[in-house]
Amino acid sequence: SVTKRLDEYRPYPFELETVRLDFRLDPKQTEVRARMAFSPKLPAATLHLDGEELDLVSISLDGRRLLRDEYKTSATGLTIFAASLPEQPFTLETVVRIAPETNTALEGLYMSNGMYCTQCEAEGFRKITYYPDRPDVMAKFHVTITGDAPVLLSNGDLVAQENGYAEWIDPWPKPAYLFALVAGDLIAHSGTFTTMSGREVALNIWVRKGDEDRCEFALEALKRSMQWDEEVYGREYDLDIFNIVAVDDFNMGAMENKGLNIFNSKWVLASPETATDADYERIEGIIAHEYFHNWTGNRITCRDWFQLCLKEGLTVYRDQCFTRDTRLGPVKRIDDVIMLRARQFREDRGPLAHPPRPDHYKEINNFYTATVYEKGAEIVGMLRTLVGETGYRQALDLYFERHDGQACTIEDWLKVFEDSSGRDLSQFKRWYTDAGTPVLRVSEHYKDGVFTLRFEQETKPTPGQPQKRPRHIPITVGLLCPDGDERAPSRVLEMTEAKQEFTFEDLPQRPVASILRGFSAPVSLERNIAPGELAFLLAEDTDPFNRWEAGRQLAQEALVAMAQGKAAQPDYAVALGKLITDESAEPAFRALCLRLPSEDGIAQSLHDRGLTPDPDAIHAAREALATDLARNHEAALAEIYDAMAVPGPYSPDPGPAGQRALRLAAAGLLNRIDGGQRAQALFESATNMTESLGALSLLVQAGADEDALAAFRERWKGDRLVMDKWFMTQLAACPPEIAVERAEELTEDPLFTWKTPNRFRALMAGLSGNHAGFHGKDGAGYRFYADWLIRLDPVNPQVAARMSTAFETWKRYDAERQAIVRNALERISATQGLSRDLSEMTARLLA
Ligand code: B3K
Ligand code: ZN
């Protein structure tokens, strides 16, 4: 299959002003009539429309049926020869048939529980009708739907409706990927929002009967998002109605279709009994994210899919800031960095590394990655650090003013920052075009009142990019006196050279430097620092991120030593003891400090030091450190456990959620020495899903889970969202030696409906999240996982390809493991009829 390249971009040779779509819904044979008004922009151009798996019934131009020799169809589209096209504007009308019922790939028009729905991003619209399916073709859509369903939805405003018929007009030009249609027996949980200019917007969350009591939180989150975008970015919603639909079968989290967001039910529905604190926070974040796309994505979209991070990086950045503002800012920043390191740094170090703006791909769906999303967001954050608060707002105002209604590029985006701030961002642009995480080495020198920081940056080669150029890195630094006082306000150092030093003068004493505050750049900081200094930063740093970071580093050092069979320094345990009893620190913050680095992260750390990680040794080290901490701090932890109980009715607010997090973190450590007694009691008394699932996970970890798992299953077998948690938790948390066998057993469970993406992901991500289990020496984990990818691929290639990223770290491990993985990947790649999605992934993984 063909590689698409950024430098091969050509504008579409026709203008498409309006499109009229008439749907006659039928599970086996839906008819789609499309009328498109084209104006030629170039003389004598052929007209190409994308189309896949369509059954063409008729095609006519300005009312005249086209003859068989005036056009041709292929597996990828329809071409009308230039000779058959007038030089003037013309209308093309096609009728096609499609079969939503057999669409298991969940791209285009498909069915979920008897309901029709669509997913068009990135290139799914071409499975609905012949069309220029590219984001730079923006048209006004007018849609009619005829179908046997009480609720018929599409984008824009509802202009007519009767039994089995609805008509929608979207006044805003949009690319086809933002088209959506939903039809089914749904009920709405409704509300209204009055915009800053006083318009009233009708808000609806559409769900299946039985789910209507789980929508209130999402509705309120939507209102908060609308308000925030007005206050912080001056952006008002632009239609009279905003619909959200919850769908059970969905390939990803949610989709920002204009005025009709479609969500995976998992990220809409919430009740205290069924959703955890983390779910609530995530739901709010995703509702905000999709809503924010209305301006960053929909009103201003991408010129081509190489520019994906233009909308995704910015929108992730916006949703992260929203959550920082509505919840606990520093805690959210730490959470985001944990995620970034776990997913994006991991991606950047392996065979799948790619720039935030890739310059070639085979299947664009494979590039909805942590690099495009999360690193894309970090880049926006760095821009803000460089131009400052006001500068950022000015740049964004200019972006909206200059580009509203356009399909843009990263160059357009950087240009608004250059024009509004007067800065040259040409070197900064490398963050978008170059892959890999820079390693930033720093050394400190103090002499005669002058403190010097010497930095060196280096980025390792990544696939296709052997040579790396120095990046423009904003490094936020603060200096602390030995008594903990700030010497001076934080300063942003701008590093642009491969090696560069910065000095601080008039310092009577050697200060303790707090470097990369707030994680001001997505780099890997290497600093030779004494454990005592880290302990000091953990206790005294005024920057909460670096405070946490100091603790994490101590833990990481201890674990890396222990995983090599060396004794750990006692510093971490001692320093942590001070922190956990520090009641001036937020419970949520303390909970984060008690969370040990992940086994995957330790494996990465060992690999970074040129060592081969041994998954069993890593697991044992982490268990041993947890047990140590529990023994060392038993009394304090027990006190926390009791003190952090949250009385009264459940609230997902950050305060009580933080208390529960700290309580569970304490229970998690104590679980190693109390015989699972707290976990058992908590499991029996839990009144919300956070505690119930938290306790279940601890029982699983302790191997005392048989009754609890059965009871949980019995209680929740009718609830698809909770059952996903049941599948996932018991694999992620169980002792590694039983993980694969348990995964095999679970695939036999009648509730393992593997064609449903959520269920498939729950089981497979549960297993791959069990580091030592998945990477077991005998290779059973690898083989099991590969078998299931092969099985899923013909049914749902997008999900299969996405899940293949579990293999992206395979080259870290020893030769025996590598041989088994290579074999598994080769077996996948040799499979007859393998999808473009999964073949591209296996080829990159094997390269
Ligand atoms: N834009 C969608 C993701 C589409 C994924 C296509 N494979 C959701 C989001 O980022 O908001
Ligand atoms: Zn997005």
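The model is predicted: local features need pLDDT of at least 70, side-chain atom pairs count only at pLDDT 80 or more, and totals for chains, interfaces and linings use all residues. Residues are numbered from 1 along each chain as its sequence is written, and chains are lettered from A and ligands numbered from 1 in the order in which they are written. Helices (H or I, at least four residues) and strands (E, at least two) are DSSP runs, numbered from the N terminus.

**Helices α2 and α3**

- Helix α2 spans residues 277–292 and helix α3 spans residues 308–326.
- They pack at an angle of about 135°, with axes 9 Å apart. Axes are lines fitted to C-alpha atoms, for helices over the stretch in contact, and angles run from 0 to 180 degrees between N-to-C directions.
- α2 and α3 are therefore oblique to each other (under 35 degrees is roughly parallel, over 145 roughly antiparallel, 65 to 115 roughly perpendicular, the rest oblique).
- Their crossing is right-handed (the near helix is turned clockwise from the far one by less than a right angle).
- From α2, Glu281, Glu284, Gly285, Ala288, His289 and Phe292 meet Thr315, Val316, Arg318, Asp319, Phe322 and Thr323 of α3. Contact requires C-beta atoms, placed from the backbone, within 7 Å.
- By class, this contact of α2 with α3 has 4 nonpolar, 4 polar and 4 charged residues (Ala, Val, Leu, Ile, Met, Phe, Trp, Tyr, Cys and Pro are nonpolar; Asp, Glu, Lys and Arg are charged; the others, Gly among them, are polar).

**Helices α17 and α19**

- Helix α17 (residues 689–701) packs on helix α19 (residues 720–733) at about 40°, with axes 8 Å apart. That angle makes α17 oblique to α19.
- The crossing of α17 and α19 is right-handed.
- Leu693, Leu696, Ser697, Val700 and Gln701 in α17 meet Lys725, Thr729, Gln730 and Ala733 in α19. The classes here are 4 nonpolar, 4 polar and 1 charged.

**Nonpolar core**

- The largest nonpolar core has 250 residues (buried Ala, Val, Leu, Ile, Met, Phe, Trp, Tyr and Cys joined through C-beta atoms within 7 Å).
- Val182, Ala218, Val245, Ile262, Val268 and Ile283 touch the most other members. Helix α5 (residues 370–403) gives the most to this core, with 12 residues.
- Beyond its neighbours within four places in sequence, Val245 contacts Cys117, Leu153, Val182, Leu186, Trp206, Ile262 and Phe263.

**Alanine 75**

- Alanine 75 lies in the loop between β7 (71–73) and β8 (77–80).
- Alanine 75 counts as exposed because it has 7 C-beta neighbours inside 10 Å (20 or more other C-beta atoms within 10 Å is buried, 12 or fewer exposed, in between partly exposed; C-beta atoms are placed from the backbone).
- Glycine 51 is 24 residues from alanine 75 in sequence and 7.5 Å away in space, C-alpha to C-alpha.

How values were computed. Two residues are in contact if their C-beta atoms, placed from the backbone, lie within 7 Å.
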